[in-house]
Amino acid sequence: MIKIAYQIQSQLTSYLQSKSYIQLFFIFLIAEMTFSGVTAFIATMIDPDLTYNPIEKESIYVIFIISVIVAPVIETFIFQLAVIEIGYEFKLRGRLPVLLSAILFGISHYYNWVYAMVMVFTGFIFAYSYVFIRNQYDIAKATLFVASLHAASNLVSFLNNNVFNFF
């Protein structure tokens with residue numbers, strides 16, 4: 001089973017390495033949006049309160065500014081740049097900095113345990129993409145990539161929740 005996981009990871013890495021920076025952005029965005037959309041849909045069907053975020057009490061303008069501009073930048077600096085780079089400074093091996101980043105990202109979004117768990121997986125996508133872009137390019141491009149990815153993901157959620165209401 002572990003051997004199969006490593007083969008899949010190797011094939012995925014080879015595939016991603018053949019893509020441009022822009023192509024990678026859309027690949028990671030589609031992955032994150034698919035995961036978030038499916039989990040949000042399922043959670044909403046079970047109990048709409050599972051997807052509740054306290055920011056929803058604010059005005060539409062405040063929600064937009066915080067969720068699409070402020071939070072992606074601050075959270076990228078804290079949960080990807082700082083956590084992963086400090087992890088590397090302390091010689092954390094393998095996927096541990098990515099896992100630590102994802103868990104801390106999820107905990108920071110603890111509105112209920114389901115929301116936090118979903119955010120751990122979202123945090124994993126952000127952390128994995130940070131490390132991948134960091135290794136392919138550099139830290140600055142990785143930080144910009146993840147902040148933009150996070151902002152784009154939050155923009156789609158904002159539009160869904162406040163404009164289109166798909167679910």
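The structure holds 14 aromatic pairs; the model is a predicted one.

**Aromatic pairs**

- The ring centres of Tyr 21 and Tyr 137 lie 5.2 Å apart with the planes at 90°, so this pair is edge-to-face.
- Distant parts of the chain are linked by this pair, with Tyr 21 in helix H2 and Tyr 137 in the loop between H5 and H6, 116 residues apart.
- Tyr 137 counts as partly exposed because its relative accessibility is 34%.
- For Phe 28 and Tyr 128, the ring centres are 6.0 Å apart and the planes stand at 55°, so the pair is tilted.
- Phe 28 belongs to helix H2 and Tyr 128 to helix H5, so this pair ties together parts 100 residues apart in sequence.
- Both Phe 28 and Tyr 128 are buried.

- Leaving aside neighbours within four places in sequence, Tyr 130 is in contact with Gln 80, Leu 81, Ile 84, Glu 85, Ile 139, Ala 142, Thr 143 and Val 146.

**Salt bridge**

- Side chains of opposite charge can pair when their charged atoms come close.
- Here Glu 85 forms a salt bridge with Arg 134, and the closest N and O atoms are 2.5 Å apart.
- The bridge links distant parts of the chain: Glu 85 is in helix H3 and Arg 134 is in helix H5, 49 residues apart.
- Glu 85 has 15% relative accessibility and therefore counts as buried.
- Arg 134 is partly exposed, its relative accessible area being 23%.
- Glu 85 is also one of the residues in contact with Tyr 130.

**Thr 76**

- Thr 76 sits in helix H3 and is buried, with a relative accessible area of 0%.
- Its side chain reaches the backbone oxygen of Pro 72 at 2.6 Å.
- Beyond its neighbours within four places in sequence, Thr 76 is in contact with Ala 71, Leu 81, Thr 143, Val 146, Ala 147 and His 150.
- Leu 81, Thr 143 and Val 146 are contacts of Thr 76 and are likewise contacts of Tyr 130.

**Lys 91**

- Most residues other than glycine have a negative phi.
- Lys 91 has a positive phi of about 60° although it is not a glycine.
- Lys 91 is placed in the loop between H3 and H4.
- With 66% relative accessibility, Lys 91 counts as exposed, because the cut-off for that class is over 50%.

**Phe 41**

- Phe 41 is located in helix H2.
- The relative accessible area of Phe 41 is 40%, so this residue is partly exposed.
- Phe 41 and Gly 106 are 65 residues apart along the chain, and their C-alpha atoms are separated by 19 Å.

Key: Residues are numbered from 1 along each chain as its sequence is written. This is a predicted model: local features need pLDDT of at least 70, side-chain atom pairs count only at pLDDT 80 or more; totals for chains, interfaces and linings use all residues. Side-chain values use heavy atoms; hydrogens and water are left out. Contact means heavy atoms within 4.5 Å. Helices (H or I, at least four residues) and strands (E, at least two) are DSSP runs, numbered from the N terminus. Buried means under 20% relative accessible area, exposed over 50%, partly exposed in between (1.4 Å probe, protein chains only). Rings of Phe, Tyr and Trp (its six-membered ring) pair if their centres lie within 6.5 Å; planes under 30 degrees apart count as stacked, over 60 as edge-to-face and the rest as tilted. A salt bridge is a side-chain nitrogen of Lys or Arg within 4 Å of a carboxyl oxygen of Asp or Glu. A polar contact is a pair of N or O atoms within 3.5 Å; within protein, one must be able to donate a hydrogen and the other to accept it, and residues adjacent in sequence count only if both atoms are side-chain atoms.
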